[in-house]
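Dear colleague,

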Amino acid sequence: MNGMAIALGDANDLLTEVEDSSVDLIATDPPYEINFANNAWDKPNGLNWDYLAKQFRRVMKPSGNLIIFQGWSCVSETKSVLDKHFFLKNWIIYDRIKGRGAKTNVVSTREDILWYVADESSYTFNKINSTIKKKTKGMGLRNGNTFRALSNVWTDVPPVVPWSRERVDHPTQKPLFLMDRIISIWSNEGDVVLDPFMGSGTTAVACRNLGREFIGFEVDKQYFSISKERIDGCGRLI
Ligand SMILES: C[S@@+](CC[C@H](N)C(=O)[O-])C[C@H]1O[C@@H](n2cnc3c(N)ncnc32)[C@H](O)[C@@H]1O
């Protein structure tokens, strides 16, 4: 493949068309299966994680990474399946800042990002710093590092708000800054990145901007055309 390959359809079927050991990074934000905003695509128990994990493992190169978003209420179950097929390298907590459901509960701004590898001794990892300035005068500061090292708690990602220039019509759009960060850390230029649940195509846009090849699937026609429009750069700011 060369460039951007996106398809409208069910990831369960389309994944079977991806070649064995052909993907460097799977970076995906699947439904959290919580019936979010009554969306049909987010129905509880809608995904067969055992099947998906096997497909992910099959298509991933031996040195590949899997970065997968989860919510607090589904992460344990999904993780228990993925743990059988991959090695867990880290578990990042990302503060979405924009919360949901505050009236009868604490506000949920937490998202979980699981980082898995196929081979614990060989995987792509490009170390970067956070965008948070150091407050103390440690060695790092003297060596010219003004920003804190990136930890497994991410609080420095600007949210997508209704007035953001990148905003499109998808209820769970991820910030481009966030996907740029993920693609930069866990893949190299020219690598193949797969997002089987691409939504409005934020992963695709990051890949296009950073010189990665991209394979993406989306089952919803409207979201698929938003992705296409963003990738083509027709009129929307991305
Ligand atoms: C959480 S959203 C992804 C949002 C995306 N990260 C963005 O920035 O726009 C998950 C997407 O997966 C899609 N989806 C759900 N089930 C699917 C399936 N079986 N195959 C392909 N896409 C699916 C939904 O339509 C939804 O757009």
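At what angle do helix α2 and helix α3 pack? Helix α2 (residues 49-59) and helix α3 (residues 75-82) pack at an angle of about 50°, and their axes lie 9 Å apart, where axes are lines fitted to C-alpha atoms, for helices over the stretch in contact, and angles run from 0 to 180 degrees between N-to-C directions. That makes α2 oblique to α3, since angles under 35 degrees count as roughly parallel, over 145 as roughly antiparallel, 65 to 115 as roughly perpendicular and the rest as oblique.

Please keep in mind that this is a predicted model, in which local features need pLDDT of at least 70 and side-chain atom pairs count only at pLDDT 80 or more, while totals for chains, interfaces and linings use all residues. Residues are numbered from 1 along each chain as its sequence is written.

In the contact between these helices, Trp49, Asp50 and Ala53 of α2 meet Thr78, Val81 and Leu82 of α3 (contact means C-beta atoms, placed from the backbone, within 7 Å). The residues of this contact divide into four nonpolar, one polar and one charged.

In helix α5 (residues 176-186), the buried residues are Leu176, Leu178, Met179, Arg181, Ile182, Ile183 and Trp186, a residue being buried if 20 or more other C-beta atoms lie within 10 Å of its own. These buried residues pack against β2 (23-28), β3 (60-70), β9 (192-195) and α6 (202-210).

As for the ligand, there are 20 residues around it, of which Ala11, Phe197, Gly199, Ser200 and Thr202 come nearest (the C-beta atom, placed from the backbone, must lie within 6 Å).

Best wishes

Methods
Helices (H or I, at least four residues) and strands (E, at least two) are DSSP runs, numbered from the N terminus. Two residues are in contact if their C-beta atoms, placed from the backbone, lie within 7 Å. Ala, Val, Leu, Ile, Met, Phe, Trp, Tyr, Cys and Pro count as nonpolar, Asp, Glu, Lys and Arg as charged, and the others, Gly among them, as polar. A residue is buried if 20 or more other C-beta atoms lie within 10 Å of its own, exposed if 12 or fewer, and partly exposed in between; C-beta atoms are placed from the backbone.
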